[in-house]
Amino acid sequence: MKNHFLALAVLILILDPMVAYAHRMEEVKTRPSIPGPSSKNMIVYLPDSYDSGENRYPVLYLLHGARGNERAWIQKGKIIQIIDSLEREGMMQETIVVFPNMNMYEDDEDYGNSRLKGAWESFFEMDGSTESTFMKDVVGLVDSLYRTIPEKNSRAIAGLSLGGMQAIQISASNPDSFGYVGAFSPLVSSVVKKGDHSGFYRRLGKRLMEQFRNPPELYSIMVGKRDFLEPHLDSFHNYLNEHGYEHEYRVTGGGHQWKNWISYCTLFMKELWK
């Protein structure tokens, strides 16, 4: 591990009694670089061929929403089975997929076993700290532990709802880091701007301008017609159009629900690394 990381990572094979995985799934415990819990979790999916050679792989960072944690996409979205199927059918290049815990925890007692938070609690406790340290605490650590391709066009970030907002914000703040951005039923910006790291959410327009000077290969926004955020995203879509920012905008049936997010993520993953 690179010396400049304060994090101590412990790799653990995950045994989920509900699903038998043929590939490697690892839990990484890492010490955040901000005050708070002594460790935080993320789960890393490694493709079947990872242990049989020295190939390097693109990486998808997949973020949960409010009321979620690092297991949400795996348990509720059944996303591992979808990834396996897409790779097996040649519809997706083999990819390392990282599921970080994006919740804001104040200390170990609050952290617990990646304690789930309520939607309002998650929203109003957002302070920019997890997002502002994402490149160091998550991306940098993954690049140091695994055979990744540490380049913009081999790195994707996507999320649902609150995680979709984090994908928008993190990619805009790191314009040279993510070639693929997916936002599924997202908020666009937090209205809670307090604390030492709250400046992370400010000046999104300026950051988007910088991001689209050298635009992502894919910037995809998807939402359902019955989603309460659909009018909000119509406005964001119009804003992107007015500024000439190339993006994909899909409005489907349904609302703010897992059925949609699973479908959106599947569509997004089929478009990666083209």
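Axes are taken here as lines fitted to C-alpha atoms, for helices over the stretch in contact, with angles running from 0 to 180 degrees between N-to-C directions. On this basis, in what is a predicted model, helices α7 and α8 pack at an angle of about 65°, and their axes lie 8 Å apart. The crossing in which α7 passes α8 is left-handed. On the α7 side the contact is made by Ile-168, Gln-169, Ser-171, Ala-172 and Ser-173, and on the α8 side by Leu-204, Arg-207, Leu-208 and Gln-211. By residue class, the contact of α7 with α8 comprises four nonpolar residues, four polar residues and one charged residue.

Within helix α8, which spans residues 204–211, the buried residues are Leu-204, Arg-207, Leu-208 and Gln-211. These residues cover an arc of only 100° around the axis and are therefore placed on the same side of α8. The elements against which the buried residues of α8 pack are helix α7 (162–173), strand β7 (180–184), strand β8 (218–224) and helix α9 (230–242). Gly-205 also lies in helix α8, but this residue counts as partly exposed because its relative accessibility is 29%, a value that falls between the limits of 20% for buried and 50% for exposed. The C-alpha atoms of Gly-205 and Leu-240 are 9.7 Å apart in space, although the two residues are separated by 35 residues in sequence.

When neighbours within four places in sequence are left aside, Gln-169 is in contact with Val-188, Ser-189, Phe-200, Tyr-201, Leu-204 and Arg-207. Among these partners, Leu-204 and Arg-207 belong to the buried residues of α8.

A further helix pair is formed by α2 (residues 79–88) and α10 (residues 258–270), whose axes come within 11 Å and cross at roughly 30°. Since angles under 35 degrees count as roughly parallel, α2 and α10 are therefore described as roughly parallel to each other. The crossing in which α2 passes α10 is right-handed. In this contact, Ile-79, Ile-82, Ile-83 and Leu-86 of α2 meet Ile-262, Cys-265, Thr-266, Met-269 and Lys-270 of α10. The residues of the contact of α2 with α10 divide into seven that are nonpolar, one that is polar and one that is charged.

Conventions: Residues numbered from 1 in each chain as written. Predicted model: local features only at pLDDT ≥ 70, side-chain atom pairs only at ≥ 80, totals over all residues. Heavy atoms only, no water. Helix = DSSP H or I, 4+ residues; strand = E, 2+ residues; numbered from the N terminus. Parallel < 35°, antiparallel > 145°, perpendicular 65-115°, else oblique. Left-handed = near helix turned anticlockwise from the far one by under 90°. Contact = heavy atoms within 4.5 Å. Nonpolar A, V, L, I, M, F, W, Y, C, P; charged D, E, K, R; others polar. Buried < 20%, exposed > 50% of the residue type's maximum accessible area, 1.4 Å probe, protein only. Arc of directions from axis to C-beta.
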